[in-house]
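Good morning, everyone. Please bring up the model on your screens, and we will walk through its sheets, helices and rings.

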Amino acid sequence: MKIFYAVQATGNGHISRAMEILPFLQRYGQVDIFLSGANSSLQLDGPVKYRSKGNCLFYNATGSLSYWKTINQFAPLRILREARDLPVEKYDLVLNDFENITSLACAFKKVPSVNFGHQASFQSEKTPRPLKKEFLGEWILQNYARATQYIGLHFDSYDDFILPPVIKKEILRAEPVDKGHITIYLPSYSDNELAKYFSLIKEFNFQIFSKEVGQPTQSGNICFMPVDKNTFNKSLINCKGIIAGAGFETPAEALYLGKKLMVIPIKGQYEQFCNAAALEKMGVTWIKQLDENFVRIFQHWINEQKKISFVPDHSTEAIISFLMHSCSNQKKDALDFLYPEFIIN
């Protein structure tokens, strides 16, 4: 079987998930990866056969999406040309992790595809949303990567096609401890903006993962650290708590490890406010932004005695087995489950 796997590279979460599931996908056949976008800090260690600048997201220094920079790099003619040239018709299965060019290519060439990933879960009305829905945000979630089939990932199985998160094996095998520091991953804020708030909380040490530094840099109670998978995993496993954007993979890993978690959605990214709504239902603290109230909010959060239970009931092998079996149901020769029992790793 030849599998085309489109991976969105507008953030590290998509890359991280792709690296985790790739070995299990390869058990079913040859996998060629299409990497689209240039926002991620991680390198994808896999068979990347096709690349594109895709559609990138840009942020300002204070936690918001930069609409001007994002729109300014949008190149519709290039995207249409790349969609026309992408050879999706040569593959037995097209998997799409919320990637627009692949979606267009499949639509042009009438090739079936599967939208597999976190964003696919928003095809269900049962998936949590904020109290006030955004028309444009909803439209993007529904239409940016249209497919003929959807298999979603989320914090809970809100619908029958939604599976739990893919947790990295390094996290699954870890023995979490509390060494007292707070891990920070807020890439939509500049280092100066983060330092302005976290330097005020002198009784805690903060490890801030930053795109602005090439090596660990100490400044008072803050250590700015370059974004690196192994270093970040170590920081997360050993932290007292983590403050991050309201993405999907990092909050899921923090909850799996039993860490205190606070999330700050990126302003302008509707999906992150949807995630914040889901996390709030689970008991997770979220705030709209860093401001003059942050120190007070932080002290309440760090001293709060609250344990959140989060135990995904599917292994990565089982998730991919479910995916492949579901995809093959439309074919004459259905694949057997490689992992018929849904057992955690």
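Start with a definition: two strands count as paired if DSSP finds at least two bridges between them. Keep in mind that this is a predicted model.

Now use that rule. Strands β2, residues 30–36, and β3 run parallel and are joined by four bridges. Look at one position there. L35 stands opposite R51 in β3.

Zoom out to the whole sheet. What is the strand order? The open sheet of seven strands reads β3-β2-β1-β4-β5-β6-β7. Its pairing is parallel. Which strands sit at the edges? They are β3 (48–52) and β7 (162–163), and each of them pairs on one side only.

Helices pack on this sheet. Take α1, residues 12–25. Helix α1 touches β1 (2–8), β2, β4 (93–97), β5 (114–117) and β6 (149–153). The direction of α1 makes about 165° with that of β1. Next comes α4. Helix α4 lies across β1, β2, β3 and β4, and runs at about 145° to β4.

Two packed helices are described by the angle between their axes and the distance between the axes. Here the partners are α3 (residues 76–85) and α4 (residues 100–109). Their axes come within 8 Å and cross at roughly 55°. That angle makes α3 oblique to α4. The crossing of α3 and α4 is right-handed. Who makes the contact? From α3 we have I79, L80, E82, A83, R84 and D85. From α4 we have N100, I101, L104, A105, F108 and K109. Sort the residues of this α3 and α4 contact by class, and you get seven nonpolar, one polar and four charged.

Helix α5, residues 135–143, packs with helix α10, residues 270–282. The angle is about 95°, and the axes are 9 Å apart. So α5 and α10 are roughly perpendicular to each other. In this contact, G137, E138 and L141 of α5 meet Y270, E271 and C274 of α10. The residues of the α5 and α10 contact divide into three nonpolar, one polar and two charged.

On to the rings. How many aromatic pairs does the structure hold? It holds 15. One of them is F4 with F34. This pair is tilted, with 6.0 Å centre to centre and 40° between the planes. F4 lies in strand β1 and F34 in strand β2, so the pair ties together parts that are 30 residues apart in sequence.

Last stop: another open sheet. Seven strands run in the order β10-β11-β9-β8-β12-β13-β14, and the pairing is mixed. At the edges stand β10 (217–219) and β14 (285–286). Each has a single partner strand, so one side of each is left without a neighbour in the sheet. Strand β13, residues 260–263, runs parallel to β14, and two bridges join them. V263 stands opposite W286 in β14. Helix α11 (residues 294–303) packs on this sheet, touching β8 (182–185), β9 (206–210), β12 (241–244), β13 and β14. Its direction makes about 150° with that of β13.

That is the tour. Thank you.

Definitions and conventions: Residues are numbered from 1 along each chain as its sequence is written. This is a predicted model: local features need pLDDT of at least 70, side-chain atom pairs count only at pLDDT 80 or more; totals for chains, interfaces and linings use all residues. Side-chain values use heavy atoms; hydrogens and water are left out. Axes are lines fitted to C-alpha atoms, for helices over the stretch in contact, and angles run from 0 to 180 degrees between N-to-C directions. Angles under 35 degrees count as roughly parallel, over 145 as roughly antiparallel, 65 to 115 as roughly perpendicular and the rest as oblique. A crossing is left-handed if the near helix is turned anticlockwise from the far one by less than a right angle, and right-handed if clockwise. Contact means heavy atoms within 4.5 Å. Ala, Val, Leu, Ile, Met, Phe, Trp, Tyr, Cys and Pro count as nonpolar, Asp, Glu, Lys and Arg as charged, and the others, Gly among them, as polar. Rings of Phe, Tyr and Trp (its six-membered ring) pair if their centres lie within 6.5 Å; planes under 30 degrees apart count as stacked, over 60 as edge-to-face and the rest as tilted.
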